[in-house]
Amino acid sequence: MFQRYLLVFSIGLIFFKDAVITVDVTIPENTVVGKTGSNVILPCIYSSTPGSQFVLEWKFAPGKTAPSDGRQIYYYSNGQTYKPGSQSERLSISATPPVTGIASIHLNNIISSDSGSYVCEVNNPPDFSGTGSGIVKLIVQVPPSTPTCQLNGKAIAGSDVTLMCSSAEGYPTPVYSWTFAGSKVSSFPSMLENEISGSLLITNISQANSGTYQCLATNDQGTATCDLTVSVTTAADAGTIAGVVVGVLLAILLIVAVAIYILCYRRKQKKAPKPDYPGNEIREDAMSPGMREGRRSSQTDSYLLNNAATRHESMVV
Ligand SMILES: *[C@@H]1O[C@H](CO)[C@@H](O)[C@H](O)[C@H]1NC(C)=O
């Protein structure tokens, strides 16, 4: 039993020894920085003479993903090249074939999602095994994306509110500055901005603070802005608005109630038996007294008018 353990241990030791001796991967530049749209080289060199089982592999772990969770993007073995992954069209190897000690790759027309860790891995097993790997970090510089402006709190006179501004993308990390009605907020004593977090604190807000606020996100690649319109209400306004809302709701309730009543009433009428006389003609006749009445009343009006005119004349005379 013990002998078997010793054997396993010895073999392990041999593997380890080989790994150190046979392949030594070096990354001359650990971090590569490039602008969006540019071409970069991710450098990797190894000191080994490739044998027939030589394998070169590159893996990519996007963003802050752990390098060990990277997905294969390049694979070379025995004269064959494979480029799985979405970057394949923009990806090429420096030395073709990569058997001279240079394992660097070129990545063209870089985009922000190319940022992350690239793992260069060389396997060269003449004596069973030999592994070496190294990590290159790629940082893609991008101008700030259009930030989102947002109001935290209620803009009621006398309260404190915070305006928030943040760009989802941008490298180097953007800094933020606010203007109110075209002036820097530093000229307003009640306003305090934080250029790192993008927040703007307005204390004891008043109606004078109503208007348009603009946030500017900046890095050395460019700028982007967003606007936020704040309208400050007084507590009384808030009461009025609440009153109006309640009033409107009551009105809607009333209308609904009336509608339901009418519907039910009509249904009841339909169910009730029809009266047994020709109602229509009689009703037409019934209109005429009304019309006569109308005529009568207009006569009354002119009588009154004449009367008033005479009265007026008499007053003048
Ligand atoms: C808030 O502002 C009003 C005028 O806009 C002022 O009268 C009041 O004293 C202020 N309150 C505080 C706590 O500063």
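1. Basis of the note. The model is predicted, so local features need pLDDT of at least 70 and side-chain atom pairs count only at pLDDT 80 or more, while totals for chains, interfaces and linings use all residues. Residues are numbered from 1 along each chain as its sequence is written, and side-chain values use heavy atoms, with hydrogens and water left out.

2. Salt bridges. Side chains of opposite charge can pair when their charged atoms come close. A salt bridge is a side-chain nitrogen of Lys or Arg within 4 Å of a carboxyl oxygen of Asp or Glu. The whole structure holds two salt bridges.

3. Lys 59 and Glu 121. These side chains form a salt bridge with an N to O distance of 4.0 Å. The pair links distant parts of the chain, 62 residues apart: Lys 59 belongs to strand E5 (residues 55-62) and Glu 121 to strand E10. Strands (E, at least two residues) and helices (H or I, at least four) are DSSP runs, numbered from the N terminus. Buried means under 20% relative accessible area, exposed over 50%, and partly exposed in between (1.4 Å probe, protein chains only). Lys 59 is partly exposed at 23%, whereas Glu 121 is buried at 18%.

4. Asp 114 and Arg 90. The second pair meets at 2.8 Å, N to O. Asp 114 lies in the loop between strand E9 (105-107) and E10, and Arg 90, 24 residues apart from it, in the loop between E7 and E8. Asp 114 is buried, at 1% relative accessibility, and Arg 90 is buried at 18%. The C-alpha atoms of Arg 90 and Asn 39 are 9.1 Å apart, although 51 residues separate them along the chain.

5. Phe 180. This residue of strand E14 (residues 175-180) is buried, at 6% relative accessibility. Its C-alpha atom lies 9.7 Å from that of Leu 228, 48 residues apart in sequence.

6. Surface patch. Val 244, Val 245, Val 248, Leu 249, Ile 252, Val 256 and Ile 260 form a nonpolar patch with about 600 Å² of accessible area together. Such a patch takes residues with over 30% relative accessible area and no salt bridge, with nonpolar side chains (Val, Leu, Ile, Met, Phe, Trp, Tyr) joined within 5 Å and like charges within 9 Å. Areas come from the Shrake-Rupley method with a 1.4 Å probe, and for residues only the protein chains shown count as cover. Val 245, in helix H2 (residues 235-271), is partly exposed at 44%.
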